[in-house]
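Here are my notes for your first look at this model. Please keep the structure open and check each point as you read.

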Amino acid sequence: MTYLVLGAGMMGSAVAYDLATTSPADTVVLADRDQALAERVAGGIGVNVKPIQLDVHDRAGVGNALNGVAVIVSAVSYSVNEELTRTAIDAGVHFCDLGGNNDVVDRQLAMDAEARAQRVTVLPNCGLAPGLINILAVTGMQHFDAVENIQLRVGGLPQHPRPPLNYEIVFSADGLINEYLEMSEVLEDGALRQVESMTGLESIVFAPPFGTMEAFHTSGGISTLARMLIGKVRHLDYKTIRYPGHCEKFKTLLDLGFAGAEPIQVGSNVKTTREFFTALLKRKLSTGDTDLVLARATLSGMAGKRRRTLVYECVDYYDERTRISSMMRTTAFPTSIAARMLAQGTITRHGVMPPENCVPGDLMIAELAKRGVIVTTNIVDA
């Protein structure tokens, strides 16, 4: 098989690494507009990774790179995923991406009929959240006759938290602000509602060394899942996990306007308060600490005449051997696994759909375990 991975940054490099090392007979074409970066990353993985220079905004160039490709994986900005989806469908090539924006995903979903006509499968939102956590939720529902509640909790965290925010930038400072500012979709008594992010603060307990953590509503973590489960689940929510005290401190900064659009002039430069705040977060919250990911999906409802609770849990750490962060492992590896399922025909449905609609969850859990990303399952009947 030949895969085309777009983007040689953190996530793209981890996708390429997993595809190339788990199947050395396959070829991974690693594309980036920075030729030197693509060559450096490819050289660090193996001879079956072929670096090329490619600008994802060049539709003709992307099209020319698709000869013999089974699956495209987009690990670049969500802003180009709509156009890349169109290119993939026209070329008859399967496509998956990391998502990141609900409006873009909705426009991708609108191409479903075209993808089915071309016998192409497009999977947006293949990362961690949205992505793996959605797959666990839908897979868990198969163990129930009626599901009442689904609680999804995910957090990317530093292993050695430092005050005052006890947080390390593990992905994108701007994306973090978006998660904290935009509305979160939930199901309450079966109805779709929007709630403000950074509300609904609760305590959540993990085994040592973590103990009591905190979780609160944030935006975008489950993308279209709430809409998909209307009429099937009474209550569904997604919250982000942080070390205690983070929510109150960060929300205070937002309430004071640190992420606003007001212009500020410093010398001859004019920037918004958000631009200054983002730059400051990058500087102060990028200490180089090793990271970890905590994830938990809790489902409750009825199985026959018994009340049942099912809990999926994942605690993953930075990999010292490969020097791949936990956020990269838990985001990129589910994506590469989904891409391989597309290439090998494990996923047979065509069209545009989120992975929870077609990715076999038990197989995903088994494949992650081969990579050292362990998802435990605990079922309790009352």
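Where does S223 lie? S223 sits in the loop between β11 and α9 (225-228). Helices (H or I, at least four residues) and strands (E, at least two) are DSSP runs, numbered from the N terminus.

Some ground rules come before the points. This is a predicted model: local features need pLDDT of at least 70, side-chain atom pairs count only at pLDDT 80 or more, and totals for chains, interfaces and linings use all residues. Residues are numbered from 1 along each chain as its sequence is written, and side-chain values use heavy atoms, with hydrogens and water left out.

1. Start with S223 itself. Its phi is near 50°, a positive value in a residue other than glycine. Most residues other than glycine have a negative phi. S223 is buried, because its relative accessible area is 4%. Buried means under 20% relative accessible area, exposed over 50%, and partly exposed in between (1.4 Å probe, protein chains only).

2. Now turn to the loop between β7 (146-158) and α8 (173-181), where P164 has its place. The peptide bond from P163 to P164 is cis, with omega near 10°. Most peptide bonds are trans. N166 is found in the loop between β7 and α8 too. Phi of N166 is near 55°, a positive value in a residue other than glycine. N166 counts as buried, because its relative accessibility is 15%.

3. Look for another cis bond. The one from P208 to P209 is cis, with omega near 15°. P209 is placed in the loop between β10 (202-206) and β11 (211-217).

4. Next come helix pairs. Axes are lines fitted to C-alpha atoms, for helices over the stretch in contact, and angles run from 0 to 180 degrees between N-to-C directions. Helix α1 (residues 10-22) packs with helix α12 (residues 326-344) at an angle of about 50°. Their axes are 8 Å apart. So α1 and α12 are oblique to each other. The cut-offs are these: under 35 degrees is roughly parallel, over 145 roughly antiparallel, 65 to 115 roughly perpendicular, and the rest oblique. α1 passes α12 in a right-handed crossing. A crossing is right-handed if the near helix is turned clockwise from the far one by less than a right angle, and left-handed if anticlockwise.

5. Compare helix α4 (residues 81-91) and helix α5 (residues 102-109). Their axes come within 9 Å and cross at roughly 20°. Therefore α4 and α5 are roughly parallel to each other. Here α4 passes α5 in a right-handed crossing.

6. How many residues of helix α7 (residues 132-141) are buried? The count is 10 of its 10 residues, and the helix is mostly covered. Among the buried residues are L132, N134, T139 and M141.

7. Move to the surface. I264, V266 and F276 form a nonpolar patch there, with about 220 Å² of accessible area together. Patch residues have over 30% relative accessible area and no salt bridge; like charges are joined within 9 Å, nonpolar side chains (Val, Leu, Ile, Met, Phe, Trp, Tyr) within 5 Å. F276 lies in helix α11 (residues 273-284). F276 counts as partly exposed, because its relative accessibility is 32%.

8. Finish with L363 in helix α13 (residues 361-370). L363 is partly exposed, with a relative accessible area of 33%. L363 and T346 are 17 residues apart in sequence. In space they are 9.9 Å apart, C-alpha to C-alpha.

Key:
Areas by Shrake-Rupley, 256 points an atom, 1.4 Å probe, with all protein chains shown as cover. Salt bridge = Lys/Arg side-chain N within 4 Å of Asp/Glu carboxyl O.
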